[in-house]
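Here are my notes from a pass through this one. Have the model open while you read.

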Amino acid sequence: MLFLLLSIFVLTLTLTVVLEKCASRLTLIDSPVARSAHAFPTPSGGGLVIATLFLCVAYLLNLNEYITSDIFYALLSTAPVAGLGLFDDLSHAGLRLRLPIQFFAACWAIYYLGGIPSIDFSFLRLSNFWILTFLGIVALVWILNLYNFMDGLDAIAAAEALFVSLATSLFAIYVGDNTLAILSASLFAGCAGFLVWNWPPAKLFMGDVGSSFIGFLLGVFALLSMHNETMTVWTWFILLGVFVVDSTVTLLVRFMAGEKWYEGHSCHAYQNAARKWGSHERVVVSILLLNLIWLAPLSCLSFLYPEIGFYICMVALAPLVYLCKKLKAGTHD
């Protein structure tokens with residue numbers, strides 16, 4: 001397994017350099033607009049390397065019977081998501097194109113994973129098939145888009161993926177879930193290789209192809225872990241707390257203010273913080289510290305005591321809501 005992870009890291013490190021050199025010829029250049037956090041045209045689409053390598057690794061794992069065919073087919077649902085993201089990087093994909101493909105991919109993943117497991121709210125258990133299926137589809141589409149929304153600073157999306165995939169790997173190893181462990185570790189290795197070039201000041205951006213793929217893949221991991229009884233949905237909410245809370249609070253504030261919440265903007269809490277501090281790196285490091293010092297211990301608690309996971313999740317996310325309000329999420333600071 002160590003050889004596999006080192007190979008993924010080295011290949012990602014190498015292929016992202018190749019992509020950066022070819023980006024202008026492929027028209028994968030992110031030119032700054034009014035809401036951009038960067039000032040100069042920068043090569044983009046680096047997530048294509050992460051997505052391609054991960055799916056190749058998943059194929060090899062399935063070929064060698066490390067993962068089942070159903071799980072492999074569920075992971076393949078990320079391919080149209082990545083393809084759509086690449087098209088968006090090259091041109092522009094409107095909502096009328098994006099949403100049908102995203103919902104199709106969500107249904108695809110849920111079908112091959114065998115539906116949505118029941119959810120324990122501590123005070124009640126939700127087990128209705130149709131309600132769970134509806135919530136599962138919406139959740140997958142939401143995590144895909146929120147991850148895309150949060151990819152607005154150098155290294156922020158890759159660093160978050162490192163934290164979440166590392167924690168997921170450790171939890172999976174602890175309970176002996178080898179499938180989830182090797183898949184999440186593979187994502188960790190790919191993001192680590194990419195982060196070398198994406199750390200502020202970034203030489204290469206992830207692009208929609210990367211942020212959409214990673215967000216959706218983490219959603220598939222969450223469903224897989226719930227089926228395997230490795231992690232609950234509440235542990236996932238805690239691990240992704242910064243992204244979930246910032247995106248949700250920002251959306252609600254803009255919606256309540258009567259703004260076009262579905263259009264691009266630059267008023268997430270993390271974007272306001274970057275303008276206030278004048279540094280991408282400081283924001284990313286702060287999020288990593290928040291993840292390690294606050295969210296990681298509480299995710300461990302929810303992992304060890306799943307019967308009270310809902311309450312632990314509420315405790316974990318409440319201060320993040322307060323921070324978003326302090327940073328004026330949803331409004332330009």
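The points below go through the cores, a few helices, the cysteines and the charged pair.

1. Ground rules. This is a predicted model, so local features need pLDDT of at least 70 and side-chain atom pairs count only at pLDDT 80 or more, while totals for chains, interfaces and linings use all residues. Residues are numbered from 1 along each chain as its sequence is written, and side-chain values use heavy atoms, leaving out hydrogens and water.

2. The main core. The largest nonpolar core has 102 residues. By nonpolar core I mean a set of buried Ala, Val, Leu, Ile, Met, Phe, Trp, Tyr and Cys residues joined through side-chain atoms within 4.5 Å. Buried is under 20% relative accessible area, exposed is over 50%, and partly exposed is in between (1.4 Å probe, protein chains only). L75, L183, I214, L218 and F221 touch the most other members. Helix α9 (residues 207–227) is the top contributor, giving 12 residues; helices here are DSSP runs of H or I, at least four residues, numbered from the N terminus.

3. Leaving aside residues up to four places away in sequence, L218 is in contact with I143, Y147, V164, L187, W236 and L240, where contact means heavy atoms within 4.5 Å. There is also a second, separate core of 5 residues, with L19, A23, V49 and L53 among them.

4. L55. This leucine sits in helix α2 and counts as buried at 17% relative accessibility. L55 touches F72, L75, L76, T78, A79 and F213, again not counting residues up to four places away in sequence. Its C-alpha is 8.1 Å from that of A79, which is 24 residues apart from it along the chain.

5. Helix α1. Residues 2–22 make up this 21-residue helix, which reaches 30 Å from first C-alpha to last, close to the 30 Å expected at 1.5 Å a residue. The expected span is 1.5 Å times one less than the number of residues. L5, I8, T12, T16 and L19 are buried. Viewed down the axis, the buried residues of α1 fall within an arc of 65°, so they line one face of the helix; the arc is that of the directions from the helix axis to the C-beta atoms. They pack against α2 (47–63) and α8 (178–198), whereas L2, F3 and K21, on the other side of α1, are exposed.

6. Helix α11. Spanning residues 241–256, α11 has 16 residues and reaches 22 Å, close to the expected 22 Å. After α11 comes G258, with a positive phi near 80°.

7. Cysteines. How many disulfides are there? The count is 0, taking a disulfide as a pair of cysteine sulfur atoms within 2.5 Å. The sulfur of C300 has its closest cysteine sulfur 14 Å away, in C313, too far for a bond. C313 is in no disulfide either, the sulfur of C324 being 14 Å away. C300 is partly exposed at 34% relative accessible area, whereas C313 is buried at 1%.

8. Charges. The count comes to 1 salt bridge, defined as a side-chain nitrogen of Lys or Arg within 4 Å of a carboxyl oxygen of Asp or Glu. D120 pairs with R125, and their closest N and O atoms are 3.7 Å apart. D120 is partly exposed, at 24% relative accessibility.

Methods:
Helices (H or I, at least four residues) and strands (E, at least two) are DSSP runs, numbered from the N terminus.
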